[in-house]
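Dear colleague,

I am handing over the structure we spoke about, and it is placed directly below.

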Amino acid sequence: MPQVNGRFVPDMKSPRTPDNEEPAAERACDFRPVDKGFTEEMALAEAERCMDCKKPFCVEGCPVNINIPKFIEQIREKNYGGALDTIREESMLPAICGRVCPQENQCEGKCIRGKKSEPVAIGQLERFVGDQPELASKPAMKPKNGKKVAVVGSGPSGITCAGELARNGFDVTVFEAFFTGGGVLVYGIPEFRLPKAVVKREIDGLEEMGVKFEYNSVVGNIATAEELFDEGFDALYIATGAGLPKFLNVPGENLPNVFFANEYLTRVNLMKANKFPEYDTPTKHGKNVVVFGGGNVAMDAVRTAKRLGAERAIIAYRRTEDEMPARRAELHHAKAEGVEVMPLVSPLEFIAGEDGTVCAVKVQKMELGEPDESGRRRPVPIEGAIEEIPCDVAISAIGTNANPFASKIGGKMELNKWGYIIADEETGQTTDPRIWAGGDIVTGAATVILAMGAGKKAAASITKSLLGE
Amino acid sequence: MYKILEKTQFSEKVFKFRVEAPAMAKHAHAGQFLMVRANECGERVPFTLAGWNADEGWVEFIFMVIGKTTEMLSAYEAGDALRDVTGPLGVPTEMPDGPCAVIGGGVGLAIAFPVAKHLIETGHEVHAIMGARTKDLLLLEDQFRELLDDEHIHITTDDGSYGEQGVVTAPLERLLESKAVTQVFCVGPVPMMKFSTLTAEKYGTPITASLNPIMVDGTGMCGCCRVEVDGKTKFACVDGPDFDATKVDWDDLRARQAAYRTEEGQSLKAYEEGSCACHK
């Protein structure tokens, strides 16, 4: 590495190392991972671009404050195991976050290099080391403290909390409603963006640390909070996710072949409907697929539709591309794969064909008006501008509401008027001092990293509360 | 894995499994259901709880062979294990005080039975109306007869091979006419539920239906099981499966139930040809 007077001199000339992507035309035909990740050579070159800032804004931009300059320095030193240890001090799931975090709004969004050229590819570097878990040191485990904690839900928040608690010496059991672990990481995020094997590796790692997983177990129905406490659990962490799909509230929404994104994605991601009839769960392979929404879930759904053989796969959004909440990389990938973006439309009605399934959707064309409370220009209907888009599959991906299961768990915790659990922002503790909660069931739909951060904070608070540390 | 403790065959195509599931047995209530995935490549299928025993730690469900999954399940024997069983899910059946008619049509009788039993145990007078296409498809007659005397059992078959010929609405109408019941519970095929509802409505008698749309997750997450009730979209898995039958959009339910007919045929064919992944 170039050094002047013993100090590291960053490479200020090279452009950002481009992502190592599969060709769009090929990858859009199957579910292979789109991004192959950096090779060692690419990672080393990219690590040279980091300026090792004295005041690293990237760390501030990271929701869990990973020491980014340090782990990049360790990459430069080819100390990949050390780099991974550095990340793991703050984040349990680098291989996952490296793939799915919206880095452009977080660490990379704050990177000084981004001001004049392009930011350092921090996410790719994180993933590069995250994918070599065998190099990391075994996590230091505190001796067993004799306390038991139940974690409800095995999504990013639940497994982060479980891992932290296990390290702190707790006896941890994770209760999961599905037959496999990972929550939204396995039913929601497609294989081409986050391979299931990566999630499984993390779950296996937790099992090695002594975390127990109880699958097919819907807490609230199979046991209430009180029953879990009676069974000897000392605390509960609830991370059940946001749950219920939000409706578009337009006529025809319940027609066959109109899906909520969760169903569309679960059929393929969790139940392997793309391999029907080898696997038993079918799905619909639409020729013309319209997805309503502009977030990452909408991108996942439309790209899945493309892979299931759609000739025309459309993202229909009521604002414009600039306002889409999806990660830029996802939008870019979708477009490269042939997804069509239809901005400024809002659904009015789904129309049934002769066979009773959806054959078209009537949309209202919009234009951007005055800014609304979010600061974005509000879409307003253009009078009389109504269009009919033919479609044989339509998908609603406009978000989620709270799942009523949270209220069935019991205990003395309180919910807000939308059904989300009220929890202290810093500690995750609910109004029942024995119960903590975090992730989407507290915040509403958010990101993997925020859910993880909540799990980590709760684990610290549970540790403090139960051990008096 | 969930061990099958006992397999009972009621007729050529109708079976009952008793499955080891202590935690579920402890929390089971009439009207709730299980999600079953037979093996690694299986789909998740809802089955209503037909019985349970908290002390012995088992739950039961009844199924009729109609497609790939049920065809495959019918080959499982006691001692075999199901890959995944989740439950109890859904809201338990609740009925106000007063005499009830409990209508079960076809395999719906498997759901009607625990409901009738629950209602009797909670002090209701119950008339069971049992409907089937033909005698061989009439389920659980002996079990119903253990619960109820002859005057409280009304059997109809479409072909007249047993009981009175016709459909369940005929005995229902008589019970409503004579004011023998003040409320109705029904479960079965959509046309049966729809016409039972129209009959009850004629007499202004409240009627509850247990709905059976296709489900994927069964916990409110996916929205596959949505039904239109009183002009609003509801999820059968978390808001139901019981709903005020007079408010249900039956055409909507029927269309959604039929959404995968073609695929169901393909799946069964692949199983019969041995080309699916799951030959246990």
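Two strands count as paired if DSSP finds at least two bridges between them, and the strands themselves (E, at least two residues), like the helices (H or I, at least four), are DSSP runs numbered from the N terminus. Please keep in mind that this is a predicted model, in which local features need pLDDT of at least 70 and side-chain atom pairs count only at pLDDT 80 or more, while totals for chains, interfaces and linings use all residues. Residues are numbered from 1 along each chain as its sequence is written, chains are lettered from A and ligands numbered from 1 in the order in which they are written, and side-chain values use heavy atoms, with hydrogens and water left out.

**Strand S12 of chain B**

Phe185(B) stands opposite Thr208(B) in S13(B), and this belongs to a parallel pairing in which three bridges join S12(B) to strand S13 (residues 207-210) of chain B. S12(B) also runs parallel to strand S8 (residues 100-105) of chain B, to which five bridges join it, and there Ala101(B) stands opposite Val184(B). Strand S12 (residues 183-187) of chain B is mostly covered, since five of its five residues are buried, where buried means under 20% relative accessible area, exposed over 50% and partly exposed in between (1.4 Å probe, protein chains only). In a regular strand the side chains alternate between the two faces of the sheet. In S12(B) both faces are covered, with Gln183(B), Phe185(B) and Val187(B) buried on one side and Val184(B) and Cys186(B) buried on the other.

Strand S1 (residues 2-11) of chain B pairs with strand S2 (residues 14-20) of chain B in the antiparallel sense over six bridges, and a hairpin joins S1(B) to S2(B) through two residues. Within that pairing, the bridge partner of Lys7(B) is Phe17(B) in S2(B). S1(B) is also joined by two bridges to strand S6 (residues 81-82) of chain B, again antiparallel, and Tyr2(B) stands opposite Leu82(B) there.

**A sheet in chain A**

Five strands of chain A form an open sheet in the order S7-S14-S8-S9-S10, with parallel pairing. Strand S7 (258-260) and strand S10 (340-342) of chain A stand at the edges with a single partner strand each, so one side of each is left without a neighbour in the sheet. Neighbouring strands of this sheet are turned by 20 degrees against each other on average, direction ignored. Strand S8 (residues 288-292) of chain A is joined to strand S9 (residues 312-316) of chain A by five bridges, and Asn288(A) has Arg312(A) as its bridge partner in S9(A).

**Aromatic rings and charges**

The structure holds 18 aromatic pairs over all chains; rings of Phe, Tyr and Trp (its six-membered ring) pair if their centres lie within 6.5 Å, and planes under 30 degrees apart count as stacked, over 60 as edge-to-face and the rest as tilted. One of these pairs is the tilted one between Phe247(A) and Phe260(A), at 5.6 Å centre to centre and 45 degrees between the planes. It links Phe247(A), in the loop between strand S6 (235-238) and S7 of chain A, to Phe260(A) in strand S7, 13 residues apart. Phe247(A) counts as partly exposed at 23% relative accessibility, whereas Phe260(A), at 2%, counts as buried. The rings of Phe247(A) and Phe235(B) have their centres 5.8 Å apart and their planes at 80 degrees, so this pair is edge-to-face. This second pair crosses between chains, and Phe235(B) lies in strand S15 (residues 232-235) of chain B.

In chain B, ring pairs link Phe15(B), Phe17(B), Phe47(B), Phe61(B) and Phe63(B) into a cluster. A charge sits over a ring if NZ of Lys or CZ of Arg is within 6 Å of the ring centre and within 35 degrees of the ring normal. The charged end of Arg18(B) sits in this way over the ring of Trp58(B), 3.6 Å from its centre, and Arg37(B) lies over the face of Phe179(A), at 3.5 Å from the ring centre.

With best regards

Notes:
Axes are lines fitted to C-alpha atoms, for helices over the stretch in contact, and angles run from 0 to 180 degrees between N-to-C directions.
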